[in-house]
Amino acid sequence: AWKGAPEVENNNGWTFKPRGRLQYDVGFTSVPAASGRVDGFGSELRRARLGVEGDIPGGFGYKMELDFAGGATEVTDAILSYQDKGLSVTVGQQNNFQGLEELTSSRFTSMMERAAFTDAFNFERRVGLALQYATGSILLQGGIFSDNYDDLSNKNWGLDGRAVILPKIGTTQLHLAGSLHYTALQELSTVRYRQRPLVHFTSDRFIDTGALDAESEIGYGLEAAAIHGPFHFASEGYWQHLTRPGALSDPTFFGGYTEIGMFLTPGDSRRYKKGVFDRAKPSSPVGNGGFGSVEVNLRYDYLDLTDAGIVGGTQNGYQLSLVWAPIDYVRFLLNYARLDYTDALHAIPGTSRDYSVDAIGARAQIDF
Amino acid sequence: AWKGAPEVENNNGWTFKPRGRLQYDVGFTSVPAASGRVDGFGSELRRARLGVEGDIPGGFGYKMELDFAGGATEVTDAILSYQDKGLSVTVGQQNNFQGLEELTSSRFTSMMERAAFTDAFNFERRVGLALQYATGSILLQGGIFSDNYDDLSNKNWGLDGRAVILPKIGTTQLHLAGSLHYTALQELSTVRYRQRPLVHFTSDRFIDTGALDAESEIGYGLEAAAIHGPFHFASEGYWQHLTRPGALSDPTFFGGYTEIGMFLTPGDSRRYKKGVFDRAKPSSPVGNGGFGSVEVNLRYDYLDLTDAGIVGGTQNGYQLSLVWAPIDYVRFLLNYARLDYTDALHAIPGTSRDYSVDAIGARAQIDF
Amino acid sequence: AWKGAPEVENNNGWTFKPRGRLQYDVGFTSVPAASGRVDGFGSELRRARLGVEGDIPGGFGYKMELDFAGGATEVTDAILSYQDKGLSVTVGQQNNFQGLEELTSSRFTSMMERAAFTDAFNFERRVGLALQYATGSILLQGGIFSDNYDDLSNKNWGLDGRAVILPKIGTTQLHLAGSLHYTALQELSTVRYRQRPLVHFTSDRFIDTGALDAESEIGYGLEAAAIHGPFHFASEGYWQHLTRPGALSDPTFFGGYTEIGMFLTPGDSRRYKKGVFDRAKPSSPVGNGGFGSVEVNLRYDYLDLTDAGIVGGTQNGYQLSLVWAPIDYVRFLLNYARLDYTDALHAIPGTSRDYSVDAIGARAQIDF
């Protein structure tokens, strides 16, 4: 079989497939000059991943992927799995069921970057033991996790669960889900919640709680989405409750987004699989006489990092993206965002901390 | 051919095979509270390796493997080879014939970690030129080496040799070997010999010489092993003699182990190939109506880092492991160790430096 | 198809091929003792690369390669491409058409290291958008670039162009080219031009401008080469003009080389493809009754880093190499260089800064 790269198989149940992705970003940010921050042109190798996945007879499997884009190599997914009908058990570094937006591959998101709350609340893969059970239009996921491999060995641990109902009503794919997350942090831990203005090639954040002494985190997520022909809708809300040591106040921060999108090219549609958005396949790809698929998406992206005496700031983001996929495994994105900040980190002297930042980004992407 | 991953071949003598391994560890350590060291839960991505190997017509070949588990990527084996009948020449980073335990792949060891002396004496791969000659039940190995690629370019160099006799007497595989090692260190070098209490996810060492000014090292190793049906036995001793500059004393440290093991599942046996333990293949794998193989191993692990006025401490270790391999390329280990230390690094105030540490570890492993 | 490693293809225009190279260097340098520099033995893992490349239907393609030889993993080529007849568009990190010597793969150069000016003027891959157009014996290349991925996101950007005429006159392959390069550096930038004495395993440089405040660079390159049967000739000159801020002088440095080479084994020849030297294929490889190919090369390598009041020193280098390729994908080099320096960085007390350094190096190489 060919899935971007060849999947080699033999008769005994063995498979092997290389995998990878390449994403380049370029663009501009515009920030109020009086804030003292540098803006303008930026560019970045956003992701450069290589990996492998395979099946081993008896129901076993593995996946290992590495990201070389940053200064240091980073292990992303690295799992051993066992599958028996609807039940799967997974050991290793993986996403801890944070929600639709985080669990959808960065190759298939509708904006260049995920909704603000996902990075802000430090969603990342963690080493753990996870169970998934799928039957009909129900998907149950849960696990026990320590931390990202790069932070181990430490004493952090957490429990995560997510329940999804994913009925197909006529030609409409629905998605409704809720998730619950508990993380116990080792002694003397701090957490910091913050987020960039959409594009990743800038290192400036305008919304930032600073480092907060922390004992544990509880997260609650709600998700709803639908796909109907060329149209899709998606929305999530996530509450992050922080327990701090001693007499310190315990804030609850909130982030969420609502988006709608549509394909302009006939016959094209967003796709969905196992509780996340999947690869869309242009019905008329380039090379086959077609032009590929074109998609427009609109998102409202909210993040509130101000609560219980902590003033991290609030973001009201408005984002517009245009996505051209000449063929399934090649994708170009153009993205505009206006971020309205309240109580931004960087003050404008003599006036206020309430101002706007604009960002324009473009991405070229290939995967296999 | 399929060896965990596909080995692609053509008619002219070319081959190509991807390779990799994934090991996750989790467990606990228990140390005397009065020692002031942190113990309890720990977890780690122990190894995450990807690589390739291949043959080139004319007798040439190569192997390159990388480990991504640590903070920085590490090149493990990276060699060019030439083979002509029993003789092979190997250029590049490789093990310098340190002994049975070190040369046996981490995928096939009987405990989660190798015997204490291997890490303690800083066994690691080095860049060099090696020759091997195999004939009947004799194997001769030798080479000239500089240092691990990550420490180059420096002026360290060494000579290493190992001779193995590996007769098969009836159904009993025997292994007897001796090795000799000389390393000249560049000016102003120091060495440090130390070791963790079995499990790698703790960073505490209780046996440690501290940094010692050093001019050269001479190592002598003796090895004996046998496999008979479900039973195996293995034992090694290694003397590390350190020459220090000027009037400083020249200590000789010693480490060694003795282990016995047996398979509880009928028809299973440890395997041996070319002077090291090889992959065991469960006779009734999962997915084929079987349960895989189950193996019990018992080891006494000794290390003495006290000599010639240097008091690095002594370890008497008692280790028990249970290994379940549902199929050849998947392996789960459960390991208990009790380490009795004399003159341990971390003193218990008001009393002595003689105490015990307990460690429990579990590993999930997949390779291809 | 097999090109060192298997190239997997399917009927729809998909291809996939792993790629890699391994280079080990060893050798000696000899420097005047009075310069206070350390010389003698050195060794190094010079390159350890792994990567993939592939075609995607519709004219798309990708290439990603990583180098693991240094302390940190480095992304080398990482591109998305589109090809339509003679025109190709490439997005991502790639060479910015610096010249014949830099663009020729390190697997196929005639000396162990490229001519002094290439490293000296900080040639490296940069992230950008490039176009190439090839028709008959004309090749046009140009692009807009930011910086190496590891230095992003910054505000550097540049424009590069190169024109090649590559007529084949009878059995003689000719190559004539010119290139032009402009790089605008972000505020408060510095550049440093310096070079090692041929071999890379030493970290001493004897020719070095030190850090220079810089606003922009303009480079001009001229290239000429020819292959006729077993003989080849190649020569390049490169002028690097530096614009410095304010009243600082604007120097123009120059480097270049001239080399001749010949194969001693009958039927062998250097090969050329698309504006660069390509893989030579021994006509009688080892394993096929032959001995492979043997090649001798002689080079004069000049670098002048002294101009406009900056005294970085001058190098007159004389280099001799012997290359043995038992088969296309395996290569051994023996290299001698004498470097005569004027105004060298490290003074010999009481005398002058004019002296010579000798270097001997050997390389073992495999690629696929």
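How many residue pairs are in polar contact between chain C and chain B? The count is eight residue pairs, both residues at pLDDT 80 or more, where a polar contact is a pair of N or O atoms within 3.5 Å; within protein, one must be able to donate a hydrogen and the other to accept it, and residues adjacent in sequence count only if both atoms are side-chain atoms. This is a predicted model, in which local features need pLDDT of at least 70 and side-chain atom pairs count only at pLDDT 80 or more, while totals for chains, interfaces and linings use all residues. Residues are numbered from 1 along each chain as its sequence is written, chains are lettered from A in the order in which they are written, and side-chain values use heavy atoms, without hydrogens and water.

On the side of chain C that touches chain B, at least two residues each come from β2 (5-6), β4 (15-30), β5 (40-56), β20 (310-327) and β22 (355-367) of chain C; strands are DSSP runs (E, at least two residues) numbered from the N terminus. The largest share, nine residues, belongs to β5(C). By class, this side of chain C has 22 nonpolar, nine polar and five charged residues; Ala, Val, Leu, Ile, Met, Phe, Trp, Tyr, Cys and Pro count as nonpolar, Asp, Glu, Lys and Arg as charged, and the others, Gly among them, as polar. Between chain C and chain B there are zero salt bridges, a salt bridge being a side-chain nitrogen of Lys or Arg within 4 Å of a carboxyl oxygen of Asp or Glu.

Next comes the interface of chain A and chain B. Here 34 residues of chain A are in contact with 36 residues of chain B, contact meaning heavy atoms within 4.5 Å. The two chains bury about 2,700 Å² between them, 78% of it on carbon and sulfur atoms; buried area is the accessible area (1.4 Å probe) that two parts lose on being put together, summed over both. A:W14, A:M64 and A:L80 supply 22% of the area that chain A buries against chain B, more than any other three residues. Salt bridges between chain A and chain B number zero.

Finally, the copies can be compared.

Key. Helices (H or I, at least four residues) and strands (E, at least two) are DSSP runs, numbered from the N terminus.
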